[in-house]
2 protein chains.
Amino acid sequence: MKIICNQKLLANKVGTVQKGVSNKTTIPILKGILIETIDNKIKLIGNDLELGIETFLDGEIIEEGSIVIDSKLFGDIIRKLPDSFVEITTDTENNVYIKCENSEFKIKGHSSEEYPKLLDVDENRFYEISQNLFKNMIKQTVFAISQDETKPILMGELLEIENNNISLVAIDGYRLAIRSDKIENFIGNSKVIIPGKALNEVNKILSEEGNFKIAFTDKHCLFLIKDTKIITRLLEGEFINYRQLIPREYNLRVQVNTKKLLNSIERASLLAKEGKNNLVKFSIRDDNMIITSNSEIGNVYEEVPILLEGEDLDIAFNSRYFIEALKIIDSEEIYLEFTTNVSPCILKPVDEIEYIYLLLPVRISANA
Amino acid sequence: MKIICNQKLLANKVGTVQKGVSNKTTIPILKGILIETIDNKIKLIGNDLELGIETFLDGEIIEEGSIVIDSKLFGDIIRKLPDSFVEITTDTENNVYIKCENSEFKIKGHSSEEYPKLLDVDENRFYEISQNLFKNMIKQTVFAISQDETKPILMGELLEIENNNISLVAIDGYRLAIRSDKIENFIGNSKVIIPGKALNEVNKILSEEGNFKIAFTDKHCLFLIKDTKIITRLLEGEFINYRQLIPREYNLRVQVNTKKLLNSIERASLLAKEGKNNLVKFSIRDDNMIITSNSEIGNVYEEVPILLEGEDLDIAFNSRYFIEALKIIDSEEIYLEFTTNVSPCILKPVDEIEYIYLLLPVRISANA
């Protein structure tokens, strides 16, 4: 193989496929990136068997071929080269020669024959979605994914496409985040569970403009973002029937400024770190919500102005679960809906965005 | 005590004195910041017994007094408060009440009686130095301080004031960095060893404009930067006679572009990480310096154009020691002076700055 391409472009594309290379793998060839010439283009692949990322770049193909080269070392070299043309050549012993201006590297590569193939997905049956919308959908839900490896299915998100509605759902046993929107749907309904890791990587590759495509097989999901293809294995199993968890009614509803509530809870949580449950208490009365917290070293009292519809309530939460959600809501004001102090609280933006965040309160004794 | 002050100003000043609070201390009161009213000002102190930082801010003193409050918690609270007025009150049981808009904190403090006093240094006999100059002097030497706790004296820098010349010197057994300049000296010569930690903190507090003052006692050094006073213990002992380490003559001198040399060594060092000695080899020939490095996975060859005065030479270095120095030199071009491949190399900027960096080569066998 002998190719010539632009350093900046190559560094950028290597950065993309590196997101698919696991740094924990014990299989030596998976520590590498595949470089291959195909149809007069240069193809790069990173693949950890769960998640594979493929991308293309333009360059001059002087001699066709392919090679696998250590991902970290190759990325570090390309990024450190000057902004100029990079020539990459291989020999019959899988050595890789990288030349750029006054620099010459010779690196041991691996034959591409041993490199696992990326699955071919039928790209004809796909949904087309706004990149910006899907980026927001991920941002507003992915933090609520479970980190508990004993519940692997909750380490992914449910992606539901039903008629012209798309939803992304994350749940970790203490809270539930649902972000929905409208899409054009010409190919029917789908319901899959996508690993959180894949969504995080997709989020990094998505830009704020234009559309991308998404397609499914029984066991895989394909994201097509411009030149870049991301294939991830789906999680197998039944997702929790999340709809039945959402209360239909509420006894009281609070309207509050998102930023003011966030700041008050963040301050209160400074004294809530004892015992790791980050306990903050809300006393909802008329036109104020009193947020308090205490620990051995002291206590805090915060007053946040609200619009209350319904009865008074005393309820307590893990402040972290509130803070994480308030940070990703763009709406200036939110609604909080409560039933009792032992039932879930629902958080919704006041604007038109279809977002529901449900969180469980912490039970506290009457005199706590 | 009862005081009212501006949140932004207080947060800034707390950030300054926090640099003097050790997070490793086992003495509870040293985890605190002293707040004290004095001469109609608010004084803050952080002190770990080696390094003490005192600063003042304006505010309204409603009732005089003093208190010690946990540094981390207090800093976190003040930074999270809204940009408004903060009222701080204490009671007879050393409780601290912090009020700001709709927030109220009650925190257990400590009596200031137990808080160690900062040494009073005679501030009349001081040197006046440009903040920007001293900032640069620290930046260009402090990285060469030893990290080896068995050689405590090398964990500091020698500050030498002789006639109208000021020098800062760091040495770690493998390299030596000296930065000198001119100052006005009305009070005589001084020679002290300042702990590296203190210089790092002073560097953070120095700004790029105006002068500051520096004064010494037998055992302490005082830095006076506007409202802020930093007192550090000096290191005791005899500093290495560094002047005798600097070769008087050289057999060859190379002039090279600083940035090009840095980039080439950085690339070469990507393959030099095996065995942790970061070995890169220089072959100096006519108008080129060839930099090479190799490891099991491959090798690299870099060519850097030079102006050579003198003989050819093959010599090897720990790349890290070169990279750290090249990063802090502002001069576009540098000189490298060599004698033999087992004697120190001297690095000097081509511009007027009085800077000398000496580093020892690594001995390599003839066929390596």
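Helix 4 of chain B has these buried residues: B:Gly196, B:Ala198, B:Leu199, B:Glu201, B:Val202, B:Asn203 and B:Ile205. Buried means under 20% relative accessible area, exposed means over 50%, and partly exposed lies in between, with a 1.4 Å probe and protein chains only. The helix runs over residues 196-205 and is mostly covered, with seven of its ten residues buried. Helices (H or I, at least four residues) and strands (E, at least two) are DSSP runs, numbered from the N terminus.

This is a predicted model, in which local features need pLDDT of at least 70 and side-chain atom pairs count only at pLDDT 80 or more, while totals for chains, interfaces and linings use all residues. Residues are numbered from 1 along each chain as its sequence is written, chains are lettered from A and ligands numbered from 1 in the order in which they are written, and side-chain values use heavy atoms, leaving out hydrogens and water.

Stay in chain B for helix 3. Helix 3 covers residues 131-139 and is mostly covered too, with seven of its nine residues buried. Those buried are B:Gln131, B:Leu133, B:Phe134, B:Lys135, B:Asn136, B:Met137 and B:Ile138. At the start of this helix, a side-chain oxygen of B:Ser130 comes to within 3.3 Å of the backbone nitrogen of B:Asn132. A polar contact is a pair of N or O atoms within 3.5 Å; within protein, one must be able to donate a hydrogen and the other to accept it, and residues adjacent in sequence count only if both atoms are side-chain atoms.

Now step back to both chains. Chain B can be laid on chain A by a turn of 180° and a shift of 0.0 Å along the axis, with an RMSD of 0.0 Å. That is the relation of a two-fold axis. The same surface serves both copies: 100% of the contact residues of chain B recur in chain A. Copies are superposed by least squares on the C-alpha atoms of residues with pLDDT of at least 70 in both. Contact means heavy atoms within 4.5 Å.

Chain A gives the overall picture. Its secondary structure comes to six helices and 26 strands. The C-alpha atoms of chain A fill a box of roughly 80 × 50 × 35 Å, taken along the principal axes. Of its 368 residues, 54% count as buried. Among contacts in chain A with a separation of 6 or more, 66% join residues 24 or more positions apart.

Helix 5 of chain A spans residues 258-269. Its twelve residues reach 16 Å from first C-alpha to last, close to the 16 Å expected at 1.5 Å a residue. The expected span is 1.5 Å times one less than the number of residues. Nine of the twelve residues are buried, including A:Ile265 and A:Ser269. A:Asn257 caps the N-terminal end, with a side-chain oxygen 3.0 Å from the backbone nitrogen of A:Lys259.

A:Ser319 links to this helix. A:Ser319 sits in helix 6 (residues 319-327) of chain A. It is buried, at 2% relative accessibility. Leaving out residues up to four places away in sequence, A:Ser319 touches A:Ile265, A:Ser269, A:Asn278 and A:Val280.

Two loops in chain A deserve a look. Most residues other than glycine have a negative phi. A:Asn40 has a positive phi of about 65° although it is not a glycine. A:Asn40 lies in the loop between strand 2 (32-38) and strand 3 (41-47), and is exposed at 55%. A:Asp286, also not a glycine, has a positive phi of about 50°. The loop of A:Asp286 runs between strand 19 (279-285) and strand 20 (288-295), and A:Asp286 is exposed at 56%.
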